[in-house]
Amino acid sequence: MSRIAYVNGRYLRQHEAAVNVEDRGYQFSDGVYEVIAAERGRLIDLDRHFDRLDRSLRELRIAPPCDRAALGVVLREVLRRNRIADGIVYLQITRGVARRNHAFPASSRTALVVTAARKRPPSAAAVERGVRVITVPDIRWKRPDIKTVSLLPNVLAKQQAVEAGAEEAWFVDGEGRVTEGSSTNAWIVVGPAEVVTRPLGTDILAGVTRQTVLDAARDSNIRVVERSFTVEEAKRANEAFLTSTTSYVMPVVAIDGTPVGDGRPGPVTRLLLDAYRRRVEGRAER
Ligand code: PDD
């Protein structure tokens, strides 16, 4: 079966799906995106993704391509036409097509592309293996809280991780503190059961999974502190993990080659993964 993509009002076979070479997303990375997970055909945390998308668009002064209801219809239709129950939808919105000129065009139509891919939630075996992370200087621009398609530092960091035999790279700010991963938020567990993650600000993306895990932790009476932490503290932590739409709650078993705790997924991480799963199952839109 050929894959189907939505491009500016039309559902097209992927090999026919194309955007104009003067799309500002292609020319300037002048656009934003979201990745939303689907489980058994239901989109997970859709409202939170839409809230963040609206904020990203506002920050860049890009007009929304349509309202939420219409966008929801397109997302579900792309899943349906690709016969995907468990997977992800990717949506990208750019300022549209215009002759190349840095300043905003006087008029351009916001462009919308939606694709989907089959993908299972992380397996029990994957969680058991966990992931290894390396640390790299955070060389991104000063607004990574906006979910723009401009991801070059993230791409380079992830590639560096892969070449080092790791799965993720954690960005580190000028004070030696972890900001976030190249495509995930970063967490540690210290003391008996204190979960630590960096507070929201302009220096990290407000992860949808991060927020849902915070809610789940509070429901489970697990103490969470939103503060930054250094690489050294992370290496000494009892546990570490990362969160994202596609990774859920994934144990980090080594940082720069140093095992975290005993080098295996820890109990608080497992508890939070269970709590996250329960919450997602209860809250996924129907
Ligand atoms: N990445 N931080 C960064 C830099 C990210 O790119 C992402 C998401 C996250 C986690 O956000 P969320 O929980 O809302 O997925 C944190 C997506 C999945 C991606 O680029 O594929």
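**Notebook: spaces and ligand**

I started with the second largest cavity: its lining has four nonpolar, three polar and one charged residues. For the classes, I counted Ala, Val, Leu, Ile, Met, Phe, Trp, Tyr, Cys and Pro as nonpolar, Asp, Glu, Lys and Arg as charged, and the others, Gly among them, as polar. This is a predicted model, where local features need pLDDT of at least 70 and side-chain atom pairs 80 or more, while totals for chains, interfaces and linings use all residues. Numbering runs from 1 along each chain as its sequence is written, and side-chain values use heavy atoms, without hydrogens or water.

**Cavities**

The structure holds three cavities of 30 Å³ or more. Volumes are the space filled by probe spheres on the points, joined across faces, edges and corners.

The second largest cavity has about 40 Å³ of space. I listed its lining as Ala37, Ile44, Asp45, His49, Val208, Thr209, Thr245 and Tyr276.

The largest cavity holds about 70 Å³. Around it I found Ala37, Ala38, Glu39, Gly87, Ile88, Lys119, Arg120, Pro121, Thr245, Thr246 and Tyr248. I sorted these into five nonpolar, three polar and three charged residues. Which elements each supply at least two residues of this lining? They are E3 and strand E5 (87-94). E3 has the largest share, with three residues. Elements are DSSP runs numbered from the N terminus (helices H or I, at least four residues; strands E, at least two).

**Largest pocket**

Next I turned to open spaces (a pocket has protein on both sides within 12 Å along at least five of seven lines). The largest pocket has about 940 Å³ of space. It is lined by 42 residues, and closest to its centre are Lys158, Ser182, Ser183, Thr184 and Ser244.

Strand E3 (31-39), helix H4 (124-129), helix H5 (152-163), strand E9 (178-181), helix H6 (208-219) and strand E13 (239-244) each supply at least two lining residues. Which element gives the most? It is H5, with four residues.

**Second largest pocket**

I read about 210 Å³ of space for the second largest pocket. Thirteen residues line it, with Arg48, Arg52, Leu200, Ala206 and Gly207 closest to the centre. Helix H2 (46-60) and H6 give two or more residues to this lining. H2 gives the most, four residues. My class tally is five nonpolar, three polar and five charged.

**Ligand**

Where does the ligand sit? I found the ligand in the largest pocket; the test is more than half of its atoms within 2 Å of the grid points. E3, E9, H6 and E13 each give two or more residues to the shell around the ligand.

I counted 18 residues around the ligand, and Tyr33, Arg52, Glu180, Thr209 and Thr245 come nearest. By class it has four nonpolar, 11 polar and three charged residues.

I then looked at polar contacts (N or O pairs within 3.5 Å). A ligand nitrogen is 2.6 Å from an N or O atom in the side chain of Glu180. A ligand nitrogen is also 3.3 Å from a polar backbone atom of Ser183. On the oxygen side, a ligand oxygen is 2.8 Å from a polar backbone atom of Val208. The protein covers 90% of the 470 Å² of accessible area that the ligand has on its own (Shrake-Rupley, 1.4 Å probe).

Definitions and conventions. 1 Å grid on protein atoms, 1.4 Å probe; cavity = no way out; pocket = protein on both sides within 12 Å on 5 of 7 lines; lining within 4 Å. Near = heavy atom within 4 Å. Polar contact = N/O pair within 3.5 Å; in protein donor to acceptor, adjacent residues only side chain to side chain.
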